[in-house]
Amino acid sequence: MSLVMLGSVIVAIHTYVRDLDAVLILRPTEIAKAHETDPTFNETYKMGHANISSYLIGMSLGYFIYEWQKKKIDSRQYSKLRLLFFLYTPMLVALILSGAVFYRDGPRYPRHIRAICAAFYKTAPGGLVAIFVAGLVLKLENVYRKVLEWDIWVIPSRLNYSIYLIHYPFLIVYINMQNSLVHMSYLHLIATSVVITIISFIFAIPLYLLVEAPFSSILNTVQLKKTAIKQNDSEGPTEFERMPPVHKTDNYESCLQEPSDVYCELIFQLVSDEPNELLSMIEEYSEHSTTHFNHTKLRHGVCVTQRCQNYIQINTPVSGAILEGCLNKTFWDDYRLKTRIQQYSCYNLASSEIHINNSDIVAGLIVLTILVLNTIGSFYDVYCTSTKRKGNSIVLSFSIKRHWRNLITINHDDGRSDNIKCFNGLRCIIEYGVIFVHTAITYYIVGGSIHEIETSYKNLFYQLIFNGQIIMQAFFVLAGFQLVYKLRIFSEKHQLDWSILPKAIFKRYLRLVPAYSFVLLMVATWFRFQGRGPFWEVVGEVNVSNCKKNWWMNLLFINNYVNGPQCLVVSWSIAADMQLCLFSIILTLLLKNTRFRQTILMSLVMLGSVIVAIHTETAKVFATDPTFNETYRMGHTNMSSYLIGMSLGYFIYEWQKKKIDCRNYSKLRFLYWLVIPMLVALVLSGAVFYRDGPRYPRHIRAICAAFFKTASGGLIAIFVAGLVLKLENVYRKVLEWDIWVIPSRLTYSIYLLHYPFLIVNMNMQNSLVHMSYLHMIATSAVITITSFIFAIPLYLLVEAPFSSILNTVQLKKTAIKQNDSDGRKKTK
C-alpha cells in the first residue's frame, strides 16, 4: 500500500512540476497526434512508472484472494454486502463522467488541484476495479458473475492479445477507405467499433494459430519437458497414460514377410472378472462421449506371428479363442484386465491375392465402352466435321476435344450469367470447406493421437471443423436460388405449367446419375484392387461391401432416409438436393400466380425450422448417429435453407427486373461486411455443446437446432444477395476471379471423387497418423488436388457427354415443336 501511495505521488509530482492536465484531455486539434505533442499523454499516461499504482493494487488483490481461498473462508457470510458491491460499477461510471469538469469553458484549474486530481484518478479507478474483481472471484454475488462466466467469452478472451495488436492497423485501414467525410453519431460510432472489433477478431484467429500459439506452445513444451524430467521419478502416470491405447497397430510390412505370417485387425472390449479400479476409471472417463472416445472398446492391429507364437499350433487356423488368449496375457500383465473379442479379421500374403469376378468384368466392359465411344466421338469431331459440316450431334456428344474446349473456355458477357459469376468462387470455396471437414474423419479412424483429438475440442481452430457442417447450408441456399432464378428466366419465353415437372425431374436425374453411377461402380468393384493395408477392413472393405449391397438406394436418391450401412456416406447431400429440387419445382408451380409468394415461403422456412426442432425434441440430439440421421442428412430437415435460397431467387429476379440502382444502398456495405464475421461466430458458438458437464435441457437443444439451420441459411443468403447485387467490391471481386471458373465446372465430379480418395489415403497408411494443423491442411490439399486431377477425365468422358446428349435431345424436341408452330402459322 505504501508503494501504491508512492505511485500516486509520482503522478502528482509529474503533473505539478510539468504543469500537466489532471486527466488526458482529448483536444480536437491534438487527438490525432497526442503521442507527439501532448505532454500529459507522454508523461503521466503511457509511462510504466506512472501506472504503477494500479498494477500494485492488482498485486495486493492477488495476495489477498490467495490467502482468503487458502483459509477457505465462506464468502456467503458476507452476502449482505452485495448491495454495496452493486454500487461499485455506478461509482466507476460516475468517476469516469466526473472527468467532464476538465472540459469546461474557462481557465484551467490551479496546478495543485490538477496534481491532486491526477493522483486520485490513477488510484481510485484501480481500487474500485479491484473491489469489483474481488467480489466476482469470491462469488459475493451472482448477477455480474454469471454474465462474465458465460462460455461465449472463452474463445475471444484467448484472442484478446492478438485482437489488441491488430485493431489499430484495421482502424487506420478503415479511415483510409473513406472516400468522403464521415459524420459523428451514436449509431455510426457503435457500428464502426463493432466492425473493427469483429474484423480484428477474424484476423486474430490466423495470427493466433500461425504465430502466437506456436511460439507459446514451443515455450510450454520446453518448460514441460524440464518439469517432466524433474518429476518423472516422483510422480506416477497420468489418468490418460494409465489407459490402454484405443488404436494400436503392429508394423504391418515387417509382419508379413513369409506366406505363413498372419496379421489380424481386432475389435475387443475390456472386461474384468472382479471389481477393478482402472476399469471403473476408464468407464467413467468414457461416459463423456461428446468429447471422449470409448476407451473400453479398442481396435488393435496385431502381428499374430510375432506376438502370439505360444498360442498357435502348427497347421491350426487362427481363431477368436487364440487371439483372446494372446491379448489376455498382454493386458493382464500390463493392466490387470482381460479382453472379450467382438470382431476380428486376419489375412496373410496368400489371402491378399484378389480374384477377378463377374462384377469386375462388367465394370471393365463399361469402362471400355465409355473409352471407345469417346475415342470414336473425338476422331469424328477432328476428321469428319468442319465449319460447313456440323456432323451428328449424338456422336459429337462424346468428343473430348469439344468438351475440353467448353471446360477451359471462359466467357465474358454482360448478361444475367455475369450477375451470378461470383457463384464460381463460392462453389469452389464450399467444395474445399467440405473436403477439409471430411478430412477430419482420417484421425478418428486411423488416428494414433487419441488424447490430442479429445483435447482438440477445446481448440478454436478445430471448432471451425467440428461445427463446419453448417457449410452445407450454403450448398442448399445456392441450389434453391439457382433453381428459382433459372425458372423465372425460363418463364419469360416459355409457358411455366405442370408439364414441365416430369421433364425437369427427368433432366435433373439424368444430369446426376451417369457420373454418380460410374463412381459407385468403381467403388463396388475395382476399389478392391488398390491393395490391402492394416486399415483395409475398417476403411476399404466396409465401403466396398456397402456399395455392393446398397448402390440402388443411391441411384434412387433415398439413401439419406435409410439408416444403417451406407455406400459413400457423404452422398446424402446429393439425395437431399434431388428431393428438395422436386419439392421446390412443385412449390414454384403452385406459387407462380400468387401475390403472397414471399409470405408463404417464409412460413415454410419457419415450418422447416420447427421440423428440425421437433426431431431434436424427440430424438437423442447431438449424439452422433441419431443427430446425423434425423436432423442433418434428411431432405426435409434441410428445407429451411433451400427455401431461403428460393426466396432469394425471387427477390433478386424482381430487383433486377425493376433495375433498381444498388449504389443507393452503398452505405449498408459496412453492415454487410459483418455477415461473414457473424457466420464465423455462429460456427464457433457450437462449441458450447462440447462443454464438460451435463447436456443442455432438451427444449434448449431443440431451439438451438432450429436456430442454427435457419440463421446460417439466412446469413448466407444475405451474403449472396450482396454479391449478386454488387453491394460491395471486396468479397465480390475475389469470388469473380476467372481462376474459379474451371474448378467450379468440376465441383460435382470433385465431390463424387473426394471421399473415395480419402478412403484410399487412409488405406495407404501403414501406421497410425497424428492430428495436427499442418497435417490436416496438407491432407485436405492432397485430397482436393487429386480429386481435381481425376475429376477432369470423369467430366470429359462421363459427365459432359451424357449432359450433352440430354441437351441435344431437348434441343431437337424444341426445334420440332418450333417447326410445327411455324408451319401452322404459314398455313393460316
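This tour visits a cavity and then a helix crossing in a predicted model.

**First stop: the cavity**

Rolling a probe the size of a water molecule over the atoms shows where empty space is left. In this structure, 1 cavity of 30 Å³ or more is found. The space in the largest cavity comes to about 40 Å³.

To display its surroundings, select Leu568, Val570, Ser571, Ile574, Tyr751, Leu752 and Tyr755, the residues that line the largest cavity. Next, colour helix 37, which spans residues 747-763. Helix 37 supplies the largest share of this lining, with 3 residues. Colouring the lining by class gives 6 nonpolar residues and 1 polar residue, while charged residues are absent.

**Second stop: the helix crossing**

Now select helix 28 (residues 572-590) together with helix 31 (residues 639-657). Their axes come within 11 Å and cross at roughly 45°. How are the two helices set relative to each other? With angles under 35 degrees counted as roughly parallel and 65 to 115 as roughly perpendicular, helix 28 and helix 31 are therefore oblique to each other. The crossing of these two helices is right-handed.

Show the side chains where the helices meet. On helix 28, the contact is made by Asp577, Leu580, Cys581, Phe583, Ser584, Leu587 and Thr588. Coloured by class, the contact of helix 28 with helix 31 shows 9 nonpolar, 2 polar and 1 charged residues.

Terms used: Residues are numbered from 1 along each chain as its sequence is written. This is a predicted model: local features need pLDDT of at least 70, side-chain atom pairs count only at pLDDT 80 or more; totals for chains, interfaces and linings use all residues. Side-chain values use heavy atoms; hydrogens and water are left out. On a 1 Å grid over the protein atoms alone, a cavity is a set of points where a 1.4 Å probe fits but cannot get out, and a pocket is an open set with protein on both sides within 12 Å along at least five of seven lines; lining residues have an atom within 4 Å of a point. Grid points are joined across faces, edges and corners, and a volume is the space filled by probe spheres set on the points. Helices (H or I, at least four residues) and strands (E, at least two) are DSSP runs, numbered from the N terminus. Ala, Val, Leu, Ile, Met, Phe, Trp, Tyr, Cys and Pro count as nonpolar, Asp, Glu, Lys and Arg as charged, and the others, Gly among them, as polar. Axes are lines fitted to C-alpha atoms, for helices over the stretch in contact, and angles run from 0 to 180 degrees between N-to-C directions. Angles under 35 degrees count as roughly parallel, over 145 as roughly antiparallel, 65 to 115 as roughly perpendicular and the rest as oblique. A crossing is left-handed if the near helix is turned anticlockwise from the far one by less than a right angle, and right-handed if clockwise. Contact means heavy atoms within 4.5 Å.
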